[in-house]
Every structure is written in structure tokens, then in C-alpha cells.
Amino acid sequence: MPVEVLEKKNKNKQYKPILEGIPDWPVYRLSRNRKEFIEEVAQKSAERIKQLRPTRKQLIDELEATVYREQQRMKRNRWRVDPPDEGKFWSKIKQDLIDLTGKPLDEHSRKEEEILNIIVHRYASEIAGNFKPSSYRFAREMIKFWFSRLLNASRVKKFGGFFRNQYTLRDKIQIVGKVKQLRSLARKGTIVMVPTHFSNLDSILIGWIIHALGLPAFIYGAGLNLFNMKIFAYFMNSLGAYKVDRRKKNLPYLETLKMYSGIAIQRGAHSLFFPGGTRSRSGMIEKMLKLGLLSTTVEAQRNIYLNTPPGEKPQKIFVVPVTLNYHFVLEAPELIDDYLSIKGQDRYLPEQDPHGSWGLVKFMIKFFTKGSNISVSIGRGLDVLGNYVDDEGNSLDVHGRVINTEDYFISSGQLTVDAQRENEYTRMLSQRIVTEYHRINRIFASHLVAFVAFELWQKKHPKLDLFGLLRLPEEELVLDYAEFRKTCKRIRKKIYQLKKEDKANHATHLKGKIDLVIKHGLENVGIFHLKRPLLQNKEGNIITQDLNLLYYYHNRMVGYDLEKFI
Amino acid sequence: MTSRNLSDHPPVGVIGAGNFGSAVANLLARHRNVLLYARDEKVIKRITQTRENRGHSMHKNVTPTSDLQLLARECEVIFPIVPSSHFRSMMKKLSPHLHPYHILIHGTKGLDITLPKGQTIETVSKLNRSQVKTMSEVIREESVVVRVGCLAGPNLSKELAARHPAATVIASPFNEVISLGKKLLRNDRFQVYGNNELIGVELAGVLKNIIAIASGALSGMGYGENARGLLISRGVVEMIHVGRALGGNTKAFLGVAGIGDLVTTSNSTLSRNFQVGYKLAQGMTLEEILASMDEIAEGVNTVRIIKKCADYYKLRAPITTTLYKVLFEDLTVKQAISYLMRYPLNVDIDFLD
């Protein structure tokens, strides 16, 4: 393939595991003490909820709301993973609550707390992952085996290619950035990896990357919908995933979830979560992060400082932003539809997954059998306040001076707990992560062509707003190649400039002859969609088959202020 | 009343022994020991010997010093109150001595600008937000301190010194900083309010100086209260319009630090900014006026900066741009007023939706 030539040859480096035996892995230790861990999570969550709902009435109201929401969820949106005894469980809770409120208050002194305990305990067990070394090894080998079979079958065009080992995943997935530092930090403290989230593939991809980098398995929150299919559930479980059920928005559930993540981090389990919450609907790099799970890192770090006995070195938490860069996102059509209907004030938005897990499997087969590489950028490590850390894990200020992270939690000489302060810290950390995303994001040729084409069409219709533009019939949209080429070149120059200023990054294939770069971009942008977002017609001019999709891929480059150079 | 256990607490630092700095040091000294930093050894000597500084009689708990390192070591809470043009260089000197446990509450109502090499404020044609910073942003950029706040409101130093009733706003995203500021500054003649909109409050304090110059000019022309009422109400609209474009929240402009400070400064002959406008209307040139003042009138620089920001962001800011022409080009105050009176836009309130 001519396209491959443009890509710098992967170093294809093998990383040795940083911890030899699985029994040393924090995630393993966590799962061995699973029962006791769940107890701790449940107990602390219950305490937290009682703090948040201090009066008896507030607590009972909260529990009633929880039951109501759970019963509504079961009525409307049941999934295969949902345990069969759910209905019975919540009816029982409901009955207990009715009994409770029917009687005068003093009789049932602690009954509502008991109910709360039962609920959070159920949630904690539901969330908890179940890491088993044997199935981890098995799953890992399975994935490796099948991926490389598929890869070789498609690329080595010879009889028996299926059984060759000429290509490995590392050819397909490039890992760039601060790999060495990440490996070093993982030995010195606890890693919290925070990747961007565009596709359901992310969860599996990142699991493989962690393994490829020689890191012990991370615990991570995976959407419960991925557990609907048994084979996926098996892999996810064995890779250290815990379950996040986005249908459940009630306070006890959210607090239990945060507590689970927080305590695991405090216990030194490397963790991973997608701080954007769900997949980016618009295709833009996340600008607003969900602060809930992120706040657990700040809180965990503070608790570590509080609980470390004097004389011992407190364990440090390192936040590592990661961006996943694709030419193609399988779910793009549905995602952008969702986005546009939200933006267009259409309130109804079903939580569904039209592809299901089989769709994902089919996509992965497509992905591995056809072109289109993925690249993963590992960002520089940050402390929980968003300061860069060096390879030793020391936090540095902007002038490179070593600072003590503990000082951020000190007031009048004392280490203090201040929830409002920590909320603010979480917000600062999230802004920092967003900046880092943009900085380490690798701009692909496909992003460039999508961005330029869409912006040019927007410019040609200055009177139309976004929805007006998207309603234009695709047949009428043609861009003159010469003009398109000129603009691509100009924007590419600006991207170089951004890279120089350390505000963005780009793939190596973006360099070289602009015609080749454009060709690469056009060949790869949204490559497997039925309707291609961008094509050349017979005259060589630029056309689209699906403007919504083009808008989606264009959005990847929003946030760099490049629109004004079109 | 409050000095009972003064020695139990570490001292509080004030950087800048100007008019407002001295007033704040005296307010703080009622609750804590205060280290007051001054660059000039003569000032330190004068305070030590005579307890007098810029018309303030300095409280006995105030100790002057020229040692920034000592100040940062002794004090966890520091109030930097130096002119905006020196603020960044002061922060660069202070920064190596600061730690994340420090809390900084500044009292400077001006903006910082970073220009491309070889450019000056006179030559640069437009300014965008990445080049224009509030003082809290300078603190964040130059140091590791994150718990930052500002002091804003109608605080004419001479009235504070005379113990007239007054109020101030402590703005910070951190409630911790606000409650600390309250504890340190509040007394029976001085009320302290809290606000979480740091940037908005800072911008309110900065932008009101523009209106204060304009108000001085009206007085200098001998115009009465109708004119001032018009100016102040249109001034608020312009402040909010510009302030929002620069990242401030509307609410911040409607409180003590916004309207409160605006009304005070626009009516006060004590205000330096007001004086600038007044003398302009009387026919003095800007150079003559600035030469006659002992301290910087922040408003003059602010007009220059905001005018160039307004150009960049294509903002409608008739008062600022007209005032710019009066200050730096050759429009007379009279021409300016007649231009503004014919300005076409006349919607009363457009910022509350």
C-alpha cells in the first residue's frame, strides 16, 4: 500500500513487564480480598451518603427516590446482564420503606440506615470487578492470537498467511509519547490513566496497550452495556474491569461508584477511566470532563497524605492523559445524530447501542483486515493538581522547581479536609487534562481534509447556520480541488506552527507532498462507512456523501482556533 | 479586642507600601502582626522612625521590611498591592519563595500585558485575551500558588484611614480564601463580602476606572448630575459588555465591586482616575497631568488596553474608544461628549438575558 510508506516505521519495541509475577499486581491483591474490599466500599459509601443527607427525612426521601428510579429503569430499559432477582430485591426495599414510614418515627431507630446499607452493599458487589490471573492470561493470549491471525491473513497475501507472524498489533497501533516515563511512574506510585473516548473499541484497545507497555492490569470502569454479551463480559472481567451502569443516576449508586474508584486508588491499584463520561458525541476532543470520578483522585491523594504514618513516604498519584486517534469511528453516524438532536433541542435520547457487541466484533475484523492505523499518544504525567511530574515522580512548577503536592492541602500549617477546595482542584485538574489532550492529540491527514472541506463549505454559505448547512443536498456540494489543496496546505502550516508552540501534535504522515497527504486523508477518513464523508469525483474535485459524518470528523480539529485561517 | 493572641498566629504580609497598601496594612494590623514590604529603603526608614507613610499613621503592629524572602517565609497569607505595571516583575521575584500552601489576595485594579518582542503599548495595534491578564492570572502563571483572591470595592484610602464606614469584596473561587479574608479584614467599620467570581470582580474593579476618568471629565466641564447619572448607567452597560467578552460573569458587575465601586470613584474628587479626567477637561495635557501625580492612575493604561481589546474582539465600547481618542489622540473632551450624545445605539438594558 502506498499509504504505508508515508508512515514512519514503527519501532515495534517490546516492553518487558515492570512487575514479574501477577501476585504482585495491585489489581490482583484487590481481587483476592474482594469480599473485604466490597465491605469497606459499602461501609464508607453509606457513611458518605449519611453525611450528604444528614436528617432522617432527607435520607428516607433519597431512598424512596432511588427505589422509584430503579423500578422505572427496570420497566423501561432492561438489559441481559441485569440480575434476575432485581425485581424482587427492589420490591422488598420498597415494602420496607413503606413499613418504615407508616410507623411513628421513634420506633424504627436505625431501620433506614439498614436499608441504605443493604442497597449500597448490593451496588458495591455489582460494581466490583473480578480479576482472575488465569483468565487474564488466557484472555490476553486469545486476543493476541486472533488479532495477529486476522492481521496476517489479510496482509500476507499468500497461502497460509493466516498462520504467519509477520505482522503484529504493534504495526497496527502506534504508541507514541511518554512511554518510558509512564513505566517509571507506575513503579513509583499509582497511575490514573484518563483517555479520550470516541468509540466502544477504546476500552479493549486501551486494555491491550496497557499490556503491551508491560504494565500490570489496570482497574477500569467499563460501561455495563459491554457486559451484555458473554464473550465480552469474560474479557472485560479478566482484564480488571469494574462495571459502570450509566442508567443508574441515583445518589447511592453514584457515591458507591466514586467510593469504589477512590478506595482502589488509595490502595495503589492503577486505574483508568474516561473522564469525558460517555463517548464524544460530536467527535470533538472532550472539553468538559465529568468531575465525579476525577474528584476521587484528588480525594484519594488527600486521604493518602492524611493516613500515611509519619516517617513513611506517602504514595503519590499520577494522572496520565492519553488520546486515541482514529481515522474511522464505527459509531460515528449514530453519535453525530445524537449530538445534533441534542443541539437541535430534541430532548428525547434513548440510551441504546444499535451495533451491539457483534457490531463491534465485526468492526474489529474489518479494522484488522483492512488498512487504517490507530495511534495512541501517552501524555506526560501530572500530579492531582495538574503539575507536570518528572520521571522520579516529583511535581514541578512552571520553572522546573520541585514542589510538594501535600502543601496544596495545608491550611494554617495543618493538613485539612475542605470539600469546596477539592472541588475547585478537581475543576483545575480537568482543565489541565483538556489542555493536555489538545497538546498530545495527533492530527491525522484524515482529520485535516475533513476539517478543511467542512469549513470551506461553511465559508461558502456564510448565511447558513449549522443546521441550515447540514440540510443542503450533498449533490450540490463540490469543492474545487485546487482551492481545497491550497487551503489544506495553509492549515497544515498552521498545524506545524501549533506543534512548534507545543499546543498540538500531528502524525508523521502529515508531512511530505501535500497531494499525497490529501490522498491519504481522503482514503482514510471514515473509511468503512457506507456513505463516505469525503471523496474525489471523476474530475478530481472534492465531494461528500454524508455531510453529517463529515461534520463529525471535522470536529476532531475544533478547539485549535484554526477556523479563521480557512 | 483582637490582639489578644496575636503572637499565636503567623504575621500577614502586605507587598507594596503605596496608598492602598498602607491602608490595607493598617486594617490587617488590627487583627494580626503585619509585615509590610517596600522596595525603597527610605520608606522603610521613615515608617520605622515616624510611623508615617503617605498620610497614613501606621499601626504599631506593622513592621516594614525590604526582604521578600523573609516575608514569604513568615507569612502564609500575603496581600500584594503594587501597580499593575510592576506586578509581574514583583511576582517573578516573589515566586521562588512561594509554596502551594501560600494564599495570595491582591488589591491591584489594573491589567497586565505581554507584548510581542519589539512592540510597546503605543505601537501594538490590537490585543487579545492571551496577551491581557488580570492580576490573579499573573499570580497563577508566575507561581505555584493556586489559592488566590482579590480585594475590590469602594475603598478610597483616605476614607479608610479616617475610619469611615466602608465595605470590600473578597473574590476567590475558594471559600477558604474568602473566609480567611473576612477574618483578617473585618471590623466594626469595615464590612467584607464574599464572591466566587474572581475574574468578574477583578474586571469590574479594573473597568470602572475608565468610567471614573470620564466622570472626572464631565465634572471638569462643569456638567451636573444628570450627565453623571447618564454616564454611570451607560458605563455599567459598557463594563458588562466588555467584561463578559473578557471572561467575567455579569453578576460580579452588579455588586459592591461593580456598581458600588463605580459610583464611589465616579463621584469622588479623591480618586486619581477622576482627577485625570477633571484636569483633562480643564485643558491640561496628559503628560502634564501624569507628571503632577505621585502615584499611577491605573485607568489611563486600562483605557489603552481595553480599547485595543475592543478592536480585536470587535466590541462596542463607545465610552472607552472615545476616551482613548481624548487621551492619546487629539479629540477634545467637548468633541467627545457631543460624539457620544449622538451615538446611535440606545437600548437601555441588554445584558440581562
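Arg267(A) counts as partly exposed because 19 C-beta neighbours lie inside 10 Å; a residue is called buried if 20 or more other C-beta atoms lie within 10 Å of its own, exposed if 12 or fewer, and partly exposed in between, with C-beta atoms placed from the backbone. The model is a predicted one, in which local features need pLDDT of at least 70 and side-chain atom pairs count only at pLDDT 80 or more, while totals for chains, interfaces and linings use all residues. Residues are numbered from 1 along each chain as its sequence is written, and chains are lettered from A and ligands numbered from 1 in the order in which they are written.

Arg267(A) lies in the loop that links helix H12 (251-266) to strand S5 (271-272) of chain A. Helices (H or I, at least four residues) and strands (E, at least two) are DSSP runs, numbered from the N terminus. Setting aside residues up to four places away in sequence, Arg267(A) touches Pro26(A) and Leu30(A); contact requires that the C-beta atoms of two residues, placed from the backbone, lie within 7 Å. Leu52(A), 215 residues from Arg267(A) along the chain, has its C-alpha atom 24 Å from that of Arg267(A).

In S5(A), Leu272(A) is the bridge partner of Met193(A). S2(A) also pairs with S6(A), in the parallel sense and over six bridges, and there Met193(A) stands opposite Val320(A). Six of the six residues of S2(A) are buried, so this strand is largely enclosed by the rest of the structure. Thr190(A), Val192(A) and Val194(A) point one way from S2(A), whereas Ile191(A), Met193(A) and Pro195(A) point the other way.

What does helix H9 (179-188) of chain A bury? Its buried residues are Gln181(A), Leu182(A), Leu185(A) and Ala186(A). They are on the same side of H9(A) because they cover an arc of only 135 degrees around the axis, the arc being that of the directions from the helix axis to the C-beta atoms. Lys180(A) and Arg187(A), on the other side of H9(A), are exposed. The cover over the buried residues of H9(A) includes strand S2 (190-195), strand S6 (317-325) and strand S7 (374-378) of chain A.

Chain A as a whole has 21 helices and 16 strands, and 42% of its 566 residues count as buried. Among its contacts between residues at least 6 apart in sequence, 77% join residues at least 24 apart.

Chain A meets chain B through 12 residues, which are in contact with 10 residues of chain B. On the side of chain A that touches chain B, helix H16(A) gives the most, with four residues. By class, this side has four nonpolar, three polar and five charged residues; Ala, Val, Leu, Ile, Met, Phe, Trp, Tyr, Cys and Pro count as nonpolar, Asp, Glu, Lys and Arg as charged, and the others, Gly among them, as polar.

Chain B contains an open sheet of eight strands with mixed pairing, in the order S5-S2-S1-S6-S7-S10-S11-S12. Strand S5 (62-65) and strand S12 (190-195) of chain B stand at the edges, each with a single partner strand, so one side of each has no neighbour in the sheet.

Terms used:
Two strands pair if DSSP finds at least two bridges between them.
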